[in-house]
Amino acid sequence: MCGSHVLWTMMFSFVIVTSTFFSLSHQQQQQQQPLDPSEQNALYDVLHSLNPTIPWRNLFPDDLCLSAPHGVVCDFPTHQNETPHVVELSFGYVSDETPNPPCSLNATLNNPLISTSFPYLRKLFFYNCFNKTLPPPLSLPSSLEELVFINNPSFVAALDTFLQNLTSLRRLILIGNSFHGEVPFYIGGFLNLEEVTLSRNNLSGKIPASLGLLRKNLKVLDLSGNNLSQCLPHSLGNLSQLLKLDLSFNAFGCRIPENLRGLQSLHFLDLSFNRFGSFGVPMLLGEIPTLKEVYLSGNFLSGVIPDIWENLGGVEKLGFSEMGLVGNIPASMGVHLKKLRYIGLDNNNLDGSVPYGLLQYASEINLENNKLSGRVELFSTTTKVGQKVKLAGNKGLCVDNKVVGGGVLGQQQLKACKKTDVPDAVVFSGASSLLLGFDSLAGVVVVVFFVFIFTGF
């Protein structure tokens, strides 16, 4: 019943697509040359091997360039005597907005020679297609500009051989597959690359220094969730156009290279959960004012949190958990990080007070399991989402009576501040601080005056 419902839903989608192309077909059938028969038959074969439960030839009996399922795109020539060609193939149902031809549970490819079947192909996309059956090795055309494989765990291939000759690539996205081996050194010669995302595969070895040659166009480099190791190449600092660098959940070691200060366009940096050495939080972060998200958690960098925040007012998320950090939280973090939405400093050895203002801006806060002390003031922006305020494991901290009794804060067994408790640091603002200072000074003068009168001095 469920399968029939899905099939009818897909057929309905296909009918809509077909009707959309009807007027185009009616106008162009007499004008345009038909799709080359070899490409037409090859496309039928691919569709059948990916999902043999759908009668593709019956649903789409006409020229597939004029009436085709969503995800099949042709390039219509400007001259009538030229033959159109298939330039984009996208398989795997993503959503109602992107109803690509769905893949069956046992999807495979009967004809792996994509390069000879579709020599003009510019985009190839597979989403959640290869889950049980191991497809044969693919031969890809050098014309490819976008190669996207997402969540195909049974697709196993050595990355080195898979990418050979794809020198025209602009976007390389291989997520959640079973690619193995090293990132090939020759990828540095693919100078058109704007994105390289190879996350959640089985890659190993080191990052080739040749990646630094992609400095003109590369915007995204994501190698997270693999088994990559050794030191990061200093050449990564040459990628001056890079917006995102994600190397998390690998086994990189050594020191975080100082050359990364060259990433002057970077918005997102994630080096968390690697094996970088105990060289402290890199000072170079303070020299990248474009940063919005920084994650270094899970690396035992040790040392103190440096006072580098003056130029980092755009930071919205900061993850410094489980890093062996000691000392105080710099007061400058509470002054400059006014756009902060998340901060994680949990499971370190931080002591001293929580800077005034740090909790004023962040809506998600984790300071658990440190040695912090003193009064914590919770502002309206945090009490609205009290379930995201984690302060447990700091025996010296206390919070106001009005918030400690209920909600998740109460469950964290935080003690209420007594009237006699004095915050470690009290910061006032504007005229109030000046007035308080004047009143205090005036009180001292009055006391001294009366002592002088009654003692006769």
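Predicted model: local features only at pLDDT ≥ 70, side-chain atom pairs only at ≥ 80, totals over all residues.
Local features rest on residues with pLDDT of at least 70, side-chain atom pairs count only at pLDDT 80 or more, and totals for chains, interfaces and linings use all residues. Residues are numbered from 1 along each chain as its sequence is written, and side-chain values use heavy atoms, with hydrogens and water left out.

**Helix 2**

Helices (H or I, at least four residues) and strands (E, at least two) are DSSP runs numbered from the N terminus. Helix 2 covers residues 37–50, and its 14 residues should span 20 Å at 1.5 Å a residue; the end C-alpha atoms lie 20 Å apart, which agrees. The expected span is 1.5 Å times one less than the number of residues.

The buried residues of helix 2 are E39, Q40, A42, L43, Y44, V46, L47, S49 and L50. Buried here means under 20% relative accessible area, exposed means over 50%, and partly exposed lies in between, with a 1.4 Å probe and protein chains only. An α-helix has 3.6 residues a turn, so residues three or four places apart point the same way. The partners against which the buried residues of helix 2 pack are helix 3 (56–59), strand 1 (72–75), strand 2 (85–91), helix 4 (114–117) and strand 3 (123–127). Contact means heavy atoms within 4.5 Å.

Five strands form an open sheet in the order 5-7-9-11-13, with parallel pairing. Its edges are strand 5 (156–158) and strand 13 (251–252), each of which pairs on one side only. Two strands pair if DSSP finds at least two bridges between them.

Strand 5 and strand 7 (residues 178–181) run parallel and are joined by three bridges; A157 is placed opposite F179 of strand 7. Two bridges join strand 7 to strand 9, again in parallel, and G181 faces L203 of strand 9. Strand 9 also pairs in the parallel sense with strand 11 (residues 227–230), over two bridges, where G205 has L228 as its bridge partner. Strand 9 (residues 202–205) has a covered face made of L203 and G205, while N202 and S204 make up the uncovered face.

**Nonpolar cores**

A nonpolar core is a set of buried Ala, Val, Leu, Ile, Met, Phe, Trp, Tyr and Cys residues joined through side-chain atoms within 4.5 Å. The largest one has 109 residues, and those with the most contacts inside it are F91, L147, F162, L221, L285, L296 and F320. Helix 2 gives the largest share of this core, six residues. Another core lies apart from it and has five residues, among them F125, V148, I150 and I175.

**N299**

N299 sits in the loop between strand 15 (293–295) and strand 16 (303–304). Its relative accessibility is 1%, so N299 counts as buried. Polar atoms of the N299 side chain lie 3.0 Å from the backbone oxygen of L296 and 3.5 Å from the backbone nitrogen of F276. Leaving aside neighbours within four places in sequence, N299 is in contact with L271, S272, F273, N274, R275, F276, E322 and M323.

**Disulfides**

The structure holds four disulfides, a disulfide being a pair of cysteine sulfur atoms within 2.5 Å. With the bonded cysteines numbered in sequence order, the pairing is 1-2, 3-4, 5-6, 7-8. Three of these links, including their S-S torsions, are listed here.

| Pair | S to S | Torsion about S-S | Hand |
|---|---|---|---|
| C65 and C74 | 2.0 Å | -85° | left-handed |
| C103 and C129 | 2.0 Å | 50° | right-handed |
| C398 and C417 | 2.0 Å | about 95° | right-handed |

C65 and C74 are both buried, and so are C103 and C129. C103 belongs to the loop between strand 2 and helix 4, and C129 to the loop between strand 3 and strand 4 (146–150); this pair links distant parts of the chain, 26 residues apart.

C398 is buried at a relative accessible area of 4%, and C417 counts as buried at 7% relative accessibility. C398 lies in strand 24 (residues 396–399) and C417 in the loop between strand 25 (415–416) and helix 11 (430–455), 19 residues apart.

Note on methods:
Polar contact = N/O pair within 3.5 Å; in protein donor to acceptor, adjacent residues only side chain to side chain.
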